[in-house]
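Hello,

Here is the structure I promised to pass on to you. Have a look at it first, and then read my notes below.

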Amino acid sequence: MEQTPKTYTARPRWLKVLLDIWENRSRTALVVASIAVGVFAVGMIISTYVILATDMEESYGGSNPANIQIRTRPFDEDFVKIIAKLPGVRQVEGRNRTSLRLSQDEGKTWRSLRVIAIDDFENSEIFIRESVEGKTVPADREILLESRILEEFDVEVGETLQIQLSSGTVRELEVTGLVRDQSIEGGPNAQAVAYITMDTLTWLGQEPSFNRLMITVEGDNIDLANIEAVSQIVEDRLEESNMPLISVINSPSNEHPSSVTVLAILSVLGAMGGLMLVLGGSLIANTLTALLNQQMRQIGVMKLVGARNLQVISMYLVLIILLGLISLVVSIPLAAWGGYQFALFFGDLLSISIGSFRFVPRAIVVQALIAIFIPILAGIFPVISGSRLTVEEAISDDSASKDGGSGRFFEKLGESMEWISRPLLISIRNTFRNVRRLSLTLFTLTVAGGIFIAVFNMQASLNNFIGSVTGLFKADISVSLSRPYREIEIASLVESIPGVADTEMWLSALGDTPKGDGSDIVFTIQAPPAASDLIAPNITQGRFLQEGDTNAIVVAETIWADLPELKAGDTIEMGINDGRAEEWTVVGIFSFPERDADFILSYAPYEIISQQTNNVGRGTVLKVVLDEQTLVNQERYANTLDTLFQDEGIRFESIEEGMTTLESVSEAISTLVSFFLGMAVLTAVVGSIGLAGTMSMNVMERIREIGILRAIGAVDSAVMSSVLVEGVFIGFISWLLGIAVCVPISYGLLTMVSLAITNSVMPMVFSATGFWLWFLVIIGLSAIASIIPARNASRLTIREVLAYE
Amino acid sequence: MQKATKRDQALVQIRGLKKNYETPAGEFPALKGIDLEIEQGEFVAMLGKSGAGKSTLINMLTGIDRPTTGEIVVGSQQVHTLNEEQIAVWRGRSVGVIFQFFQLMPSLTCVENVMLPMDFGNLYHNQRSRYQRAMHLLEQMEIAEHAHKPPSAVSGGQRQRVAIARALANDPDFIAADEPTGSLDSKTADAVFRLFEEMVAQGKTILMATHDRDLASRVSRQLLLVDGKIVDDSKG
């Protein structure tokens with residue numbers, strides 16, 4: 001046959017390295033996948049991290065956010081000018097935030113809409129709105145919509161909307177633009193927001209006054225202390241003007257409204273990145289060890305023909321680096337794409353404007369370091385030990401009899417446990433024949449299992465937390481009155497408002513009990529009526545209040561900071577509002593989200609507290625239940641109550657919407673839960689590739705042994721079941737170890753997330769779902785990962801198997 | 001590296017060579033005191049049953065394994081004094097080793113397999129001259145037409161020719177062959193043996209372990225090993 005003449009510019013040893021990669025493509029694919037999956041995971045996480053962090057800061061900072069947002073009674077432009085002159089105030093704008101009813105179908109259906117009225121859009125410089133479509137400055141009788149409204153309503157620019165006034169009159173406004181406003185919190189329950197001029201507000205029958213102050217500060221606008229100092233000056237000025245402070249939010253210019261959630265996500269992303277690195281590293285070590293074991297004979301031959309240790313080491317290091325580079329090439333675009341998609345997902349969820357697709361240099365650098373150095377670190381030990389093998393050790397053909405020292409142990413095990421069948425014993429013995437390989441495989445699978453199970457524990461803990469919080473915020477609106485008011489008077493007034501379903505009057509009081517060191521423990525007591533439906537705390541000991549209770553109290557777990565021994569059924573000496581101390585029975589203890597809270601919330605029967613404070617038939621806290629329980633509706637009715645109480649001369653300290661707190665917490669949690677599920681899937685993928693790789697390598701290594709077994713009469717099914725039992729056994733051990741490892745991982749992740757969300761550590765809840773789901777995943781994967789290579793091996797003829805190199 | 005103090009006539013000198021292996025049943029003496037000299041240009045056949053110590057002796061001479069006691073000098077080199085790294089360098093340049101099962105690199109072509117020792121030993125200047133030498137050796141072995149095929153694409157006899165060409169790559173004086181015809185049919189084995197004869201005619205020294213008494217009878221000197229000892233050393 002005519003041969004194509006060749007010239008050789010490459011040394012044969014380097015050709016061998018390249019050919020090892022090219023000619024064993026399935027093995028190369030497996031190794032590359034092992035490396036790439038870890039590199040991809042870390043790269044994706046870093047990309048998401050960097051994109052979210054930078055875009056959040058840029059887009060939020062770029063909108064010139066208010067450092068101080070104050071909600072107070074209506075005020076005019078003159079008051080804005082007064083505030084503008086206060087020291088430390090750089091810019092100030094007055095806004096009116098109200099709620100209106102919106103219809104798109106000629107009044108057939110109505111929905112609540114939050115409306116922000118701004119006096120001078122042209123010169124509005126705080127929370128600058130970004131154009132999405134159409135105008136950013138509405139003319140009179142025009143309306144701009146915040147773009148996230150599209151998630152809830154199908155609205156187009158140019159469309160006319162019907163707005164219902166409180167009088168029932170309907171007015172029409174043309175939608176002239178879609179904008180994005182960084183001051184609006186995102187999340188699954190994001191509210192629909194619109195913008196109009198003050199003249200339009202008047203035309204819609206509202207008072208042309210402001211109820212919000214938006215302030216930016218002089219000096220360092222990311223220094224919270226500076227902001228709080230200026231805020232205090234403004235608050236003092238409000239007090240001077242007899243303006244009640246309904247709410248105040250101080251936030252640095254780089255702190256997005258969703259930053260709490262983002263911080264939690266970013267910290268978990270970081271932790272996940274670290275865990276993925278450990279996972280990927282062990283996967284790489286595992287795969288490379290197997291690869292080098294396959295090359296032992298060839299290393300021996302090379303040494304036979306004169307290769308020195310350093311030459312062998314350099315060949316395999318180059319092989320490892322090349323495999324790392326291939327993995328890098330594969331994983332960089334995938335990680336960039338995945339990271340960007342993740343950032344878009346979170347950006348959308350958290351109302352962060354994400355810029356265009358980009359590669360994140362920091363992610364690429366870290367990926368390159370991981371793709372090159374982790375495989376080198378993982379492979380250097382087997383490479384060096386391989387290069388140190390003598391030629392005789394490397395080329396001697398006794399691989400089928402190598403045992404790792406466990407053989408005699410299993411012989412004894414078989415003798416003492418005769419019920420174990422011989423083939424099963426061989427499978428179990430095979431599992432332990434390469435202890436180092438087994439350790440690496442188990443490590444990989446255990447970490448993967450630990451992360452997977454921990455994710456479900458996290459989910460259960462977060463859901464449990466939501467459950468425990470929900471019971472504390474069942475009323476739609478809570479009004480703290482300045483003094484006790486007659487229940488009958490307030491109830492008849494409020495319940496006459498259409499849309500109000502029910503009201504309850506509670507009392508609040510302070511209880512004090514001696515601590516033992518001379519100081520007192522002060523309880524913040526809420527006293528609901530015995531038949532109240534508006535409170536259902538998460539009781540962890542004892543019970544909640546019942547009808548007929550006398551001196552009974554239910555306290556938050558925060559009490560344990562002062563009285564760590566306290567339990568349900570104990571009695572304490574407590575005086576109410578500095579009154580005479582009496583004996584009270586602690587009938588129950590409930591979990592409270594903020595363990596570090598500086599007050600001890602407790603509940604006692606209204607009937608008793610009202611008697612002891614001489615307030616029978618009166619209350620200091622009004623709880624309102626609405627027909628429509630949405631945050632927008634709650635805000636709308638909060639405004640209505642504000643106006644009503646002012647008109648009626650009823651003095652109050654604050655009006656709070658019940659869902660405000662709950663919503664911000666549940667938004668963060670639902671976002672995190674979806675994120676964690678994504679992470680669980682990623683972990684399962686990494687673990688699966690690891691297992692599949694290990695089992696394939698294992699079978700490839702044992703192919704000669706399989707040939708011997710078949711030559712002496714083992715049928716295919718016996719060979720396959722031996723391999724299958726071995727794989728499933730490894731999976732089962734890793735599952736048991738994963739259960740143990742998930743505990744610290746679960747606590748670590750939950751601590752990070754709960755500290756970020758609530759500044760306290762949430763109680764851990766272990767979910768059976770994660771344990772059993774991982775059991776099914778790992779056993780199924782073990783079986784599949786073992787069967788495929790075993791089937792391939794059983795298809796080879798004995799001659800092929802025994803000649804296998 | 002320590003050189004032999006007395007560079008005399010014999011290319012290979014073995015004195016008091018013993019090799020014991022540790023086994024679960026205790027120490028097993030594979031070689032029980034071998035004294036042997038092989039002159040330059042000799043073709044020596046080593047006969048003996050399985051387990052007689054033929055392969056062990058070949059492994060000692062080529063530095064593949066280390067003696068328990070005794071001295072081995074090949075050329076001017078005291079092999080028993082070298083460490084693993086020095087042995088690899090020495091073997092690559094000074095000894096050609098041929099096995100029953102060829103031990104070729106499966107991913108490289110035949111010519112690349114022949115070039116490999118030159119590459120590791122950094123001999124023959126550049127790739128072009130290494131390639132030319134490898135092709136020349138393959139032509140000598142009459143398998144140049146298969147030079148660019150992988151070992152798996154040629155027959156057993158052809159693989160052994162490649163292995164012989166590889167053993168000659170760095171032009172060693174001494175060639176050790178362990179059952180080189182053991183896995184070949186008689187016709188192919190005969191052809192391979194003729195190549196050995198040609199090599200000896202060109203001045204090479206060959207020690208060949210074999211079971212084949214017919215082939216052994218064709219060489220200039222025969223050793224008979226029994227239980228780790230040379231019991232017969234006859235020149236024909």
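A question to start with: is A:Glu57 buried, exposed or partly exposed? A:Glu57 is partly exposed, because 17 other C-beta atoms lie within 10 Å (buried means 20 or more other C-beta atoms within 10 Å of a residue's own, exposed means 12 or fewer, partly exposed is in between, and C-beta atoms are placed from the backbone). A:Glu57 sits in helix H2 (residues 25-62) of chain A. Its C-alpha is 5.3 Å from that of A:Asn254, although 197 residues separate A:Glu57 and A:Asn254 in sequence.

Some housekeeping before the rest. This is a predicted model, in which local features need pLDDT of at least 70 and side-chain atom pairs count only at pLDDT 80 or more, while totals for chains, interfaces and linings use all residues. Residues are numbered from 1 along each chain as its sequence is written, and chains are lettered from A and ligands numbered from 1 in the order in which they are written.

**Where the chains touch**

The contact takes 30 residues from chain A and 30 residues from chain B (two residues are in contact if their C-beta atoms, placed from the backbone, lie within 7 Å). On the chain A side, helices H1 (12-23), H7 (296-304), H8 (309-350) and H10 (391-395) each supply at least two residues; helices (H or I, at least four residues) and strands (E, at least two) are DSSP runs, numbered from the N terminus. H1(A) gives the most, with seven residues. By class, this side of chain A has twelve nonpolar, eight polar and ten charged residues (Ala, Val, Leu, Ile, Met, Phe, Trp, Tyr, Cys and Pro count as nonpolar, Asp, Glu, Lys and Arg as charged, and the others, Gly among them, as polar).

H1(A) packs with helix H3 (residues 110-121) of chain B at an angle of about 125 degrees, and their axes are 8 Å apart. Axes are lines fitted to C-alpha atoms, for helices over the stretch in contact, and angles run from 0 to 180 degrees between N-to-C directions. H1(A) and H3(B) are therefore oblique to each other (under 35 degrees is roughly parallel, over 145 roughly antiparallel, 65 to 115 roughly perpendicular and the rest oblique). From H1(A), A:Pro12, A:Arg13 and A:Leu15 make the contact, and the residues from H3(B) include B:Met115, B:Leu116 and B:Phe120.

**Inside chain B**

Chain B has seven helices and ten strands, and 50% of its 236 residues count as buried.

One open sheet has four strands in the order E2-E1-E4-E5 (chain B), with antiparallel pairing; two strands pair if DSSP finds at least two bridges between them. Strands E2 (26-39) and E5 (77-78) of chain B each have a single partner strand, so one side of each is left without a neighbour in the sheet. Strand E4 (residues 69-74) of chain B pairs with E5(B) over two bridges, and B:Val73 has B:Gln78 as its bridge partner.

Another open sheet, of six strands, runs E6-E7-E8-E3-E9-E10 (chain B) with mixed pairing. Its edge strands are E6 (95-98) and E10 (229-235) of chain B. E6(B) and strand E7 (residues 174-178) of chain B pair in the parallel sense over four bridges, with B:Ile175 as the bridge partner of B:Gly96. Helix H5 (residues 156-168) of chain B packs on this sheet, touching E6 and E7 of chain B.

Enjoy exploring!
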